[in-house]
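Subject: Structure for you to look at

Hello,

Please find the structure below, with the sequence alongside. My notes on what was found follow after it.

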There are 2 protein chains.
Amino acid sequence: MSILVLKFGGTSVASVELIESAAKIVKSEYEAGNNLVVVVSAMSGATNILIDHVNKINYDDDSEYDVVVSSGEQVTAGLMSICLNKLGVPSRSWMGWQIPIITSDSHRNAAIKRVIPNAILKNFDDKKVGVVAGFQGISSDGRITTIGRGGSDNTAVYIAAALNAERCDIYTDVDGVYTSDPKMTKNVKRLDKVSYEEMIEMASQGAKVLQTASVESAMKHDVDVNVRSTFNPKDMGTKISNDIESDNQAVTGVAYSKDEAKITLIDVEDKPGVAAEIFNKLAESSVNVDMIVQNNFIERKMTNLTFTVPMIELERSIKLLNDLKQKINFSKVLEEKNLSKVSIIGSGMRNQPGIAAKMFDCLSKNNINIEVISTSEIKISVLINREKTEKAVSELHSTFNLDKI
Amino acid sequence: MSILVLKFGGTSVASVELIESAAKIVKSEYEAGNNLVVVVSAMSGATNILIDHVNKINYDDDSEYDVVVSSGEQVTAGLMSICLNKLGVPSRSWMGWQIPIITSDSHRNAAIKRVIPNAILKNFDDKKVGVVAGFQGISSDGRITTIGRGGSDNTAVYIAAALNAERCDIYTDVDGVYTSDPKMTKNVKRLDKVSYEEMIEMASQGAKVLQTASVESAMKHDVDVNVRSTFNPKDMGTKISNDIESDNQAVTGVAYSKDEAKITLIDVEDKPGVAAEIFNKLAESSVNVDMIVQNNFIERKMTNLTFTVPMIELERSIKLLNDLKQKINFSKVLEEKNLSKVSIIGSGMRNQPGIAAKMFDCLSKNNINIEVISTSEIKISVLINREKTEKAVSELHSTFNLDKI
């Protein structure tokens, strides 16, 4: 008998009626003979109401924030369990502290340390479905913790790992992971399978289907995840796992993020510790630096340092850098606004040479100038003029045959 | 150093702003040097939203009902604790399972069995206020329970008993217990003190300030309770305790309930077990029988049996009684609608003869006919025509000098 973990996100449990629909999906998996754990998010909107209450007080208290906000998942877990019992599927709810799901003490952003699966496993002997409140756990001193926004995906993955489940199905309002953003290019295709690494690169690029941290957890614990649609439960969605054949498909997705800004420090003194000094300063002020490129001019003992930050953090970053000018010698700061980062992603590019050349060739043929290039093992990103984003995404999508998957 | 328990009801914590006001009351008791536990209800309206969700599913599941509904008090406890910390009053929240408050397994209507006060007492060493989510506990098998609607009063009393607190202050939207309903008679007076028994008789009669079960708990554990106004916290309100001087005041309150109906069974066979049979039948169908009067005609071996039920249960009761007619011999069932029960209450009447006569005399002088009389040690109730309720309450109020307290 297989163990499956089914996770339903906020939009899939936004009303009592939707919870009843989700319960019917659970019922059909139950009747197929599986042992089930269902992980639920808060009803869509509920968490925001709770956060608004806390924000109104205007005082930082992370441990009590967790007490207030975790109640949203408690409500859904109880309601889902009632719906299942009504449908003749015996079930009971489990709060984080009841299982227990033991986390670190970092309230509001706790990390799951251990899931003790014994009690839930014992319930399987009685053919009982366990309904678990997502997003929450218990600290070593018995306080309620939450594992960060969107963390119910992570709860599901950790429980699947602890139960050695065959699969973790993430039910959401889309039917899987696409080759690119349907808003940017017409011929996007749903991917039937994608590797953990590809998914991580895509998620952080804007393919916001699954929280990146939960994909990393799935990779770490080798849990097969399927992203499926609550509204089309017969479809298996996109499978995310290690076990991906390359299909001769070097590139599996095109991602982008708009509103990037580029900063270049000209004639930075080229000695150890300078880059660390600069990026520490920015990190201390929570500026998210992304692409970093350095061109050395060895003969001059000088270098130009280029990096990108989100548009909204540009002004603040320039100010921080000017504050550093006395400490670190550089001649001037250049800035450039209204840029986009466009990336191609694919595990297959590890084994196929010429992918980068093909990408640059495609962009050049379309008169799209590349400002900055950065690469990882399975991703190539370029910084381009923001107005060309749509053109770039769409041309890269067809160049790499993603409309023919 | 005194230990005080402060309880805030739903209308006193209906918004974040009101929770902040309540926190200021806590702060002043804290600064006066007391060790404090604060018990909170759900924000007014929150519980109803949760119950509506459950009712929409339309399936009885008491243990999951408790999971859903108990979340309301969790939210208030977290918010209250944040407010206190913001005001510089160190505090932390406690859920029922964290303390723990151990209850019976009767979900939705569990009885508190034991409060283990050690953890909260330990917090007093650090000058920390404990904020307790009312209305909830934990069963012997680790499930969340609720102790019945309005049960936060009971949580407060049990915690006061476990901590051996000097006092339990119930903060609500009225400033205490009155001699009668201000809607019925103009010259009502606030009572400064009232005995447990008087309070119990008044509460069940409609003076809905405190849940009757919580007064019974206070009496059982000898906890002094003060009913106080959140909106006028300097006033000590009404003290409810054992320690009440009689003040030569035989009667301390006039209570009433409208919408009573009277049922009389004529010529019931007078043999053992007949009354039990009748009232068991009604109890099984959850009909609340109140006053019961029996007139025996010994020579005929027959009796007339009269009792009252709420108006809305009259029709159902008559049907149930007619079903019994074959089993129990009686000649017919009479019914009378639109009656009121009016009661005078007072511990002092135990020692003062003539109170009943004075009551009947007052009613007779005002041409108010008495249908049924029933008495307890500290209460005399009469059933009268509903249209005369106001007159009766008001005349009795002045006859027993309640407007001169």
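Chain B can be superposed on chain A by a rotation of 179° with 0.1 Å of shift along the axis, at an RMSD of 0.3 Å. The two copies are thus related as by a two-fold rotation axis. In chain B, the C-alpha nearest that axis belongs to B:Ser71, at 2.9 Å from it. Please keep in mind that this is a predicted model.

How the chains meet

The contact between the chains involves 26 residues of chain B and 26 residues of chain A. On the side of chain B that touches chain A, the elements giving two or more residues are α2 (46-57), α3 (62-69) and α4 (71-86) of chain B. Of these, α4(B) gives the most, with 11 residues. Sorted by class, this side of chain B has 13 nonpolar, 9 polar and 4 charged residues. The copies meet through the same surface, because 100% of the interface residues of chain B are also interface residues in chain A.

One chain as a whole

Chain A contains 12 helices and 20 strands. Its domain assignment gives domain 1 (3-173) and domain 2 (253-404). The centres of these two domains of chain A, taken over C-alpha atoms, are separated by 39 Å. Along its principal axes, the C-alpha trace of chain A spans about 75 × 50 × 30 Å. Of the 405 residues of chain A, 49% count as buried. Take the contacts in chain A between residues at least 6 apart in sequence: 75% of them join residues at least 24 apart.

The nonpolar core

In soluble globular proteins, nonpolar side chains tend to be buried together. Here the largest nonpolar core has 226 residues, and the members that touch the most others are A:Val5, A:Val38, A:Ile159, B:Val38 and B:Ile159. Which residues is A:Val38 in contact with, leaving aside its neighbours within four places in sequence? They are A:Leu6, A:Val26, A:Met80, A:Val129, A:Val131 and A:Val132.

B:Ile159 lies in α6(B) and is buried there. Helix α6 (residues 152-162) of chain B is largely enclosed by the rest of the structure, because 11 of its 11 residues are buried. Among them are B:Ser152, B:Asp153 and B:Asn154, as well as B:Tyr158. Just after this helix, B:Asn164 takes a positive phi of about 55°.

B:Phe124 is found in helix α5 (residues 118-125) of chain B. Is B:Phe124 buried or partly exposed? It is partly exposed, with 18 other C-beta atoms within 10 Å, where a buried residue would need 20 or more. B:Phe124 and B:Ile3 are 121 residues apart along the chain, yet their C-alpha atoms are separated by 9.3 Å.

B:Leu402 sits in the segment after α12 (389-399) of chain B. With 24 C-beta neighbours inside 10 Å, B:Leu402 counts as buried. Not counting residues up to four places away in sequence, B:Leu402 touches B:Thr179, B:Ser180, B:Lys189, B:Val251, B:Val254 and B:His397. B:Leu402 and B:Leu6 are 396 residues apart in sequence and 30 Å apart in space, C-alpha to C-alpha.

Regards

Methods. Residues numbered from 1 in each chain as written. Chains lettered and ligands numbered in written order. Predicted model: local features only at pLDDT ≥ 70, side-chain atom pairs only at ≥ 80, totals over all residues. Core = buried A, V, L, I, M, F, W, Y, C linked by C-beta atoms within 7 Å. Buried ≥ 20, exposed ≤ 12 C-beta atoms within 10 Å, placed from the backbone. Contact = placed C-beta atoms within 7 Å. Least-squares fit on C-alpha atoms with pLDDT ≥ 70 in both. Domains from an automatic or database assignment. Helix = DSSP H or I, 4+ residues; strand = E, 2+ residues; numbered from the N terminus. Nonpolar A, V, L, I, M, F, W, Y, C, P; charged D, E, K, R; others polar.
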